[in-house]
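Hi everyone, thanks for coming.

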Amino acid sequence: MVGWLCREPFKATNTINFAQGRLARASTTDGGRELLRVLTQKRGLLFDQLAQLQHDARSTDDAFNSYISLLLGLIHSSENAPRHDLDEDEANIGKDKSRAKRPYDRRSLNVAHSSVIFKYTDNTSGKTEAQADLYFELSNAIMNYGLWHMKHASWLENFSAPEGEREDTAKAIFLSLKTAAGVFKYLLDKHLEALEYRPNTDFDERMLSARYEQCLAEAQEGVLERARTLQHRPELIASIAADEYRRFQVVADNMSSMSSNRTARHFHKYFQFKASFYKAYMWLFYGKHLAEQEEVGKAIRCLQDAEGELTASVRLVAEYTRDKCFSSVQSSSATAEGHTIMSTIRKTITSEKSRLERENGLIYHKQVPKASVEEPASRECIEVRNMPQASIDVFIFPECSIIYT
């Protein structure tokens, strides 16, 4: 839905020069010092690339892989290097207050891991964290890479191509959201266990899970809208909308355990709004399906529920957009009542409900149930025609740079 997206800012970081300081002094060869200069350059190029959402995804992937392959080489080489004796450093911590604030990596005490301090903002806690840990740098670079693909998908949606190229744009959006989902899935399943547990931060398991589900649900939003515009069977559209509603609702329920965190509350409002909207979407098309089956009484009840849910979603989106947490992205021309998809769905509900009530009074004479009918079965629309396999792209690290071999 163009107009309402939940997009976090990138994790801001400090400028790093690997070719200065203790790490550079520990490098005993010209080749080693040149490698540190290249590493500095590749990091700068990556973050410059991440700042440009309009760039092609392939160029961002190349910049990310180039830097990460070098960073992985530095991590592996430093882990295999002789341990650095920090007894003298620790003995001097009390004398040098500036050094007392410098956190040393717990994984290894060698010079490479404890000589460069990386700083990153944390969207969830609202704080800036600093660590002298190459794994900390790796984790945050991966997170920013996933956030870029989410933001890139939003940019493509908001600044879409002409009508004739919309199918290619839809595929690019779909692929970017799949890639982002794969990144967050990797952080959640494989990388998180290597990190120190930090609740109420960007690496909180609940936040990673929410981002992962968000990417999958938003990828499926495009599929659902395409099914509606191509006028597929109402039963199919209702089943996809049911999966969207249940997916967003589950994540919203999970986020309620972080109610004390402002960012988590912001996400919670977003997921509640999306769940309510797609529940209205589900009832509308399920009602149209039941009308085709001449179950007019049940169809009218579905449209009544759709009307109520749409009203609730308008209220929820107003609450969401009023929250200035970090990124209540709302297009300047869109209001809750005037947004294209909102007005389209509302008009469809009103016209269908009016038509069915008129026909029921004249022809069918079916009783309208007092309680809601049973919800349709959900359908996870992962495979779609003319699109790549919609299962998430498995995130795989680039190979360690050959420079280190």
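Okay, a definition to begin: on a 1 Å grid over the protein atoms alone, a cavity is a set of points where a 1.4 Å probe fits but cannot get out. Grid points are joined across faces, edges and corners, and a volume is the space filled by probe spheres set on the points. By this rule there are three cavities of 30 Å³ or more.

Before going on, some housekeeping. This is a predicted model, where local features need pLDDT of at least 70 and side-chain atom pairs count only at pLDDT 80 or more, while totals for chains, interfaces and linings use all residues. Residues are numbered from 1 along each chain as its sequence is written, and side-chain values use heavy atoms, with hydrogens and water left out.

Let's take the second largest cavity, with about 40 Å³ of space. Which residues line the second largest cavity? They are Cys6, Arg7, Glu8, Leu147, Met150, Lys151, Arg211, Gln214 and Phe267; a lining residue has an atom within 4 Å of a point. By class that makes four nonpolar, one polar and four charged residues. Here Ala, Val, Leu, Ile, Met, Phe, Trp, Tyr, Cys and Pro count as nonpolar, Asp, Glu, Lys and Arg as charged, and the others, Gly among them, as polar. Helices α6 (134-158) and α8 (205-229) each supply at least two lining residues, and α6 has the largest share, with three. Helices, by the way, are DSSP runs of H or I, at least four residues, numbered from the N terminus.

Now an open space. A pocket is an open set of points with protein on both sides within 12 Å along at least five of seven lines. The second largest pocket has a volume of about 370 Å³. Its lining has 21 residues, and Ala57, Asp61, His149, Leu175 and Thr179 lie nearest the centre. Helices α3 (57-79), α6 and α7 (166-191) each give at least two of the lining residues. By class, this pocket's lining has 11 nonpolar, seven polar and three charged residues.

On to the nonpolar cores. A nonpolar core is a set of buried Ala, Val, Leu, Ile, Met, Phe, Trp, Tyr and Cys residues joined through side-chain atoms within 4.5 Å. Buried means under 20% relative accessible area, exposed over 50%, and partly exposed in between, with a 1.4 Å probe and protein chains only. The largest core has 52 residues, and Met255, Phe271, Phe277, Tyr281 and Ile345 touch the most other members. α8, α9, α10 (262-292), α11 (296-322) and α12 (340-364) each supply at least two residues of this core, and α10 gives the most, 17. Apart from it lies another core, of 49 residues, including Leu36 and Phe136.

Look at Ala252 in helix α9, residues 234-255. Is Ala252 buried or exposed? It counts as buried, because its relative accessibility is 1%. Leaving out residues up to four places away in sequence, Ala252 touches His268, Phe271 and Gln272, where contact means heavy atoms within 4.5 Å.

Last stop, the backbone. Most residues other than glycine have a negative phi. Gln231, though, has a positive phi of about 55 degrees; this residue is in the loop between α8 and α9 and is exposed, because its relative accessible area is 69%. His365 also has a positive phi, near 55 degrees, and is found in the segment after α12.
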